[in-house]
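This report goes through selected local features of one protein structure.

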Amino acid sequence: MYSIAMTRPTENPTTGYLLWRLTSKLRAAVDRALAPLGLTHAQYALLASPYGVSSSGAQPSQRELADWTGLEPIYVSKLARALEQAGLIQRTEHPADTRAVQLRLTDQGAAVARRAIAVVAAYHEEFTAPIGGTQSQRNRDLIRTLQILLGTDPSGPRSDPMSQPATLTGQDVGEAEGALSGLLNQILAATGTGITRTEYLALRVVAGRGPELTPAGLHNHLASQPQVGLDRSQVADLIRSLEARGLLANSAPDAGGHTELTPAGAALNTNLAEAIAPVTRRVFAGFDPADLATAHRVLNQVAERATRPRGEL
């Protein structure tokens with residue numbers, strides 16, 4: 001008898017086989033990541049698309065969403081009905097075509113979309129980490145290659161009906177700040193120190209600016225920072241708590257001199273900074289230095305303008 005040698009797909013894989021495996025892996029992973037929000041990958045695609053164009057006032061039709069997502073129109077209709085029953089979208093008649101249905105996010109749908117987009121963005125960073133992350137040149141090259149295979153010209157005009165000119169909005173800044181705050185909370189919780197985000201921010205301020213700030217100045221500075229989110233009485237409670245735990249010294253607002261970290265506070269601040277630093281590097285890895293410099297300048301100017309009295313704006 002003769003035996004026929006069989007080649008396993010993994011020994012000499014084809015492009016199609018690898019794309020199929022990768023797509024299956026991506027879909028399953030995103031399904032797992034979105035499960036706490038009650039969404040599947042397909043539902044996410046249908047929810048995120050209207051959210052992406054909502055700032056322009058556009059309301060895509062089910063047909064447009066089907067074309068953009070690559071899903072069958074009948075399947076998009078089924079997904080839309082499920083999302084409507086969940087209170088996440090509203091389906092309305094198209095003003096120019098009675099046969100078409102437009103989709104609009106409800107307030108609840110927009111909130112869920114924001115959370116889902118943050119979850120998927122975080123997973124995409126993890127997914128593309130082996131090739132340098134989403135901002136790496138290798139990932140950009142991969143995107144261009146996939147666009148060619150899909151039959152879209154990466155150098156030509158964008159034909160995606162959901163595409164809109166990118167612009168920075170207050171919502172973008174808020175979402176980025178929320179995502180970073182959530183990440184910081186997770187890191188701090190994982191350290192097991194019991195330190196909260198606001199306590200860590202206070203320790204950082206004292207470590208970096210303590211010699212320059214009187215105790216009263218420290219209280220005033222923390223109370224004036226929107227990212228801290230505390231009024232003067234809450235700041236006083238926060239600082240008293242840190243001193244009672246042996247982390248700060250000379251922090252009463254009427255004290256002279258300057259507030260400083262105790263040896264225990266300095267050691268804790270160093271340990272927390274060391275735990276946070278690798279994650280920070282990963283978040284910002286792959287960005288063009290010029291882009292980071294531009295973002296730094298723009299965000300500083302936005303912060304400066306936002307703190308002006310309303311009458312000056």
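## Helix α10

D237 and R240 both belong to helix α10, three residues apart, or about one turn of the helix; helices here are DSSP runs of H or I with at least four residues, strands are runs of E with at least two, and both are numbered from the N terminus. The two side chains meet in a salt bridge (2.3 Å, N to O), a term that requires a side-chain nitrogen of Lys or Arg within 4 Å of a carboxyl oxygen of Asp or Glu. D237 is partly exposed at a relative accessible area of 43%, and R240 is exposed at 52%. Buried stands for under 20% relative accessible area, exposed for over 50%, and partly exposed for what lies in between (1.4 Å probe, protein chains only).

The buried residues of α10 are V235, A236, L238, I239 and L242. They cover an arc of only 165° around the axis, which puts them on the same side of α10; the arc is taken from the directions from the helix axis to the C-beta atoms. R240 and A244, on the other side of α10, are exposed. With 13 residues (232–244) at 1.5 Å a residue, α10 should span 18 Å, and its end C-alpha atoms are 18 Å apart, which agrees. The expected span is 1.5 Å times one less than the number of residues.

## Basis of the model

This is a predicted model, in which local features need pLDDT of at least 70 and side-chain atom pairs count only at pLDDT 80 or more, while totals for chains, interfaces and linings use all residues. Residues are numbered from 1 along each chain as its sequence is written, and side-chain values use heavy atoms, with hydrogens and water left out.

## Helix α4

V76, S77, L79, A80 and L83 are buried in α4. Seen down the axis, these buried residues fall within an arc of 165°, so they line one face of the helix. I74, K78 and Q85 are exposed on the other side of α4. Just after α4, G87 has a positive phi of about 80°.

## Other salt bridges

The structure holds four salt bridges. One of them joins the side chains of R91 and E84 (3.2 Å, N to O). R91 is partly exposed at 27% relative accessible area, as is E84 at 32%.

R144 forms a salt bridge with D141, with the closest N and O atoms 2.3 Å apart. R144 and D141 are separated by about one helical turn because they lie three residues apart in helix α6 (residues 137–149). R144 is partly exposed at 36%, and D141 is partly exposed at 33%.

## An aromatic pair and a loop residue

Y17 and W20 form a tilted aromatic pair, 6.1 Å centre to centre with 45° between the planes. Rings of Phe, Tyr and Trp (its six-membered ring) pair if their centres lie within 6.5 Å; planes under 30 degrees apart are stacked, over 60 edge-to-face, and the rest tilted. Both residues lie in helix α1 (residues 15–34). Y17 is buried at 19% relative accessibility, whereas W20 is exposed at 55%.

N250, in the loop between β3 (248–249) and β4 (260–261), has a positive phi of about 60° although it is not a glycine. Most residues other than glycine have a negative phi.
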